Amino acid sequence: MEKNSSCCFSNLSSNLPITCLITFITIFLHRVLNVIYRTGKPIGKRVSPQRPLSTLIVLGSGGHTAEMINLLLVLRKERFTPRFYIAAATDNMSLQKARVLENSLADSSETKGLSAEFMQIYRSREVGQSYVTSVWTTLVAMAHALWLMIKIRPQVVLCNGPGTCIPLCVIAFFIKVIGIRWSSIFYVESIARVKRLSLSGLLLYKLRIADQFFVQWPQLQRKYPRAHYVGCLM
């Protein structure tokens, strides 16, 4: 009898790590599916319509920043505040344009008291960088993005195509899964994308990471039915 008891206890002890692992994976997958199901639901159902929303704005070099500035001009500034602007560590021009925008808003009587911060993030891969060395820089970029997301904990993430947004959006999705903060991700595809999505857009669309996905050409909406056509924003 004692031998049978010790044998059963030994079997239970050996199976315990496997059981815990299966339980953890099951709970995690349930959370992922729940987040995917809730993704896309109106943000107003989760927060008060009068409450300001901390907003992370991801900027990209060239046309990405120009499009984002145009989008921000029609944004309800008092609703999406404080605003945190993030650009790649080698992209000083985009942050300079964002500062000009915020300075112009500060001069407006209707937006006095609103705050903005400007930050930079490491690139996962520079133009012309080898794929071998980009493995290390990608890990560094992910760690930096994690630190920034934990520090900011935005309620809204607004982006429009630069590759810089991918690690930030992935971490925002992961933070939703583990229940730290629900960050609604709004992605606006660049007007330059007429027939197919950019790589950033395709990843966020296919993986269902973006809560709301907007395109500026009707043929894109027909090809990607979960996207919303909003017309040309430029």
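Residues are called buried when under 20% of their relative accessible area remains, exposed when over 50% does, and partly exposed in between (1.4 Å probe, protein chains only). Helices (H or I, at least four residues) and strands (E, at least two) are DSSP runs numbered from the N terminus. The model is predicted, so that local features need pLDDT of at least 70 and side-chain atom pairs count only at pLDDT 80 or more, while totals for chains, interfaces and linings use all residues. Residues are numbered from 1 along each chain as its sequence is written, and side-chain values use heavy atoms, with hydrogens and water left out.

**View 1. Helix α5 and its surroundings.** Because 11 of the 14 residues of α5 are buried, this helix is largely enclosed by the rest of the structure. Among the buried residues of α5 are Cys165, Ile166, Leu168, Ile171, Phe173 and Val177. The helix reaches 20 Å from its first C-alpha to its last, close to the 20 Å expected at 1.5 Å a residue, where the expected span is 1.5 Å times one less than the number of residues. Just after α5, Gly179 takes a positive phi of about 85 degrees.

**View 2. The largest nonpolar core.** A nonpolar core is a set of buried Ala, Val, Leu, Ile, Met, Phe, Trp, Tyr and Cys residues joined through side-chain atoms within 4.5 Å. In the largest one, which has 34 residues, Leu56 and Leu204 touch the most other members, and helix α5 (residues 165-178) supplies the largest share of this core, 9 residues. Contact being heavy atoms within 4.5 Å, Leu56 touches residues that include Phe84, Ile86, Met149 and Leu168, when residues up to four places away in sequence are not counted.

**View 3. The open sheet.** In the order β3-β2-β1-β4-β5-β6-β7, 7 strands form an open sheet with parallel pairing, two strands being paired if DSSP finds at least two bridges between them. The edge strands, each of which pairs on one side only, are β3 (116-121) and β7 (228-229).

**View 4. Strand β1 and its neighbours.** Strand β1 (residues 55-58) pairs in the parallel sense with β2 (residues 83-88) over 4 bridges, and Arg83 in β2 is the bridge partner of Thr55. The pairing of β1 with β4, also parallel, runs over 3 bridges, and there the bridge partner of Ile57 is Leu158.
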